[in-house]
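User: I have a chain open here and want a quick walk through it. Can we start with the contacts?

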Amino acid sequence: LLRTGFLTVGNRTTEGAQIIFMDRSKMDFSQFTSDDSIRALACSLEFLIESQETQIHGFIIVADDANLTFRQVLALGPKDAKKISGFVQDCFPARFKGMHILHQPWYITLFVTLMKPFMKQKMKERLHFYGYDYTEFHKVVDLENLPESMGGKLPPADPLAWIEYLREKG
């Protein structure tokens, strides 16, 4: 799953939070399950929290949903939504600072509405939707730390670089 570019790790925000990029359109449910996506995130976070800076400042997730299809969203049921939400909120000992969703289609709003009953108030407050307007988003993450597809100055993230890092550390 990591080879697809579903999840890559970027730089840090100016506040020191580790940036995790997700392209959920790369999730092929004919090959992977929601459990696989949780494992990919958990594996990545395991290595990231070895850093004292990540322990102190936490992490943010930046999701680019431009190519996410309705079929992919439907593949996640309420049980999967609860599992993913529970993992981020309750199961992993890392500071979750926010999820920033870009280029979201209308059905993401519907999906999040279905997930909200499983979310704690703090989690709801840390969900941010920007669509294609980067004005507020760029106040959270500097242009120097974002790929061009998100209005930034970096080339596209290389999923193989993160996999190589994991191999070296593991």
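User: Of the contacts between residues at least 6 apart in sequence, what share joins residues at least 24 apart?
Analyst: In this predicted model, 76% of those contacts in the protein chain join residues at least 24 apart.

User: What's the secondary structure count?
Analyst: Eight helices and five strands. Along the sequence the pattern reads β-β-α-α-β-α-α-β-α-α-β-α-α.

User: How does the radius of gyration sit with a compact globule?
Analyst: It agrees. A compact globule of 170 residues would have a radius of gyration near 15 Å, and the protein chain has 15 Å. The C-alpha trace spans about 35 × 35 × 30 Å along its principal axes.

User: What percentage of residues is buried?
Analyst: Buried residues are 49% of the 170 in the protein chain.

User: And the surface?
Analyst: The protein chain exposes about 9,200 Å², with 54% of that supplied by carbon and sulfur atoms.

User: How far apart are the mean positions of the positive and negative charges?
Analyst: They are 7 Å apart, for 20 positive and 21 negative charges.

User: Now the inside. Which residues touch the most other members of the largest nonpolar core?
Analyst: Ile20, Leu41, Leu45, Ile61 and Phe87, out of 41 residues in that core. Each of β2 (18-22), α1 (34-48), β3 (59-64), α4 (78-91), β4, α5 and α8 (159-169) supplies at least two residues of this core.

User: Which element gives the largest share of this core?
Analyst: Helix α1, with seven residues.

User: Backbone next. What stands out about the phi of histidine 103?
Analyst: Histidine 103 has a positive phi of about 60° and is not a glycine. Most residues other than glycine have a negative phi.

User: Where does histidine 103 lie, and is it buried or exposed?
Analyst: Histidine 103 is in the loop between β4 (96-102) and α5 (106-115). Its relative accessibility is 5%, so it counts as buried.

User: What does glycine 131 touch, again skipping residues up to four places away in sequence?
Analyst: Ile101, Leu102, His103 and Gln104. Glycine 131 belongs to strand β5 (residues 127-131). It is buried, because its relative accessible area is 13% and the cut-off is under 20%.

User: Let's move to glutamate 125. Buried or exposed?
Analyst: Glutamate 125 is exposed, with a relative accessible area of 53%. It is found in helix α6 (residues 121-125).

User: Last one, threonine 14. Where is it?
Analyst: Threonine 14 lies in the loop between β1 (7-12) and β2. At 56% relative accessibility, threonine 14 counts as exposed.

User: How far apart in space are threonine 14 and lysine 79?
Analyst: They are 36 Å apart, C-alpha to C-alpha, and 65 residues apart in sequence.

Methods: Residues numbered from 1 in each chain as written. Predicted model: local features only at pLDDT ≥ 70, side-chain atom pairs only at ≥ 80, totals over all residues. Heavy atoms only, no water. Helix = DSSP H or I, 4+ residues; strand = E, 2+ residues; numbered from the N terminus. Rg over C-alpha atoms; globule rule 2.2 N^0.38 Å. Buried < 20%, exposed > 50% of the residue type's maximum accessible area, 1.4 Å probe, protein only. Contact = heavy atoms within 4.5 Å. Areas by Shrake-Rupley, 256 points an atom, 1.4 Å probe, with all protein chains shown as cover. Lys, Arg positive; Asp, Glu negative; His and termini not counted. Charge placed at Lys NZ, Arg CZ, Asp CG, Glu CD. Core = buried A, V, L, I, M, F, W, Y, C linked by side-chain atoms within 4.5 Å.
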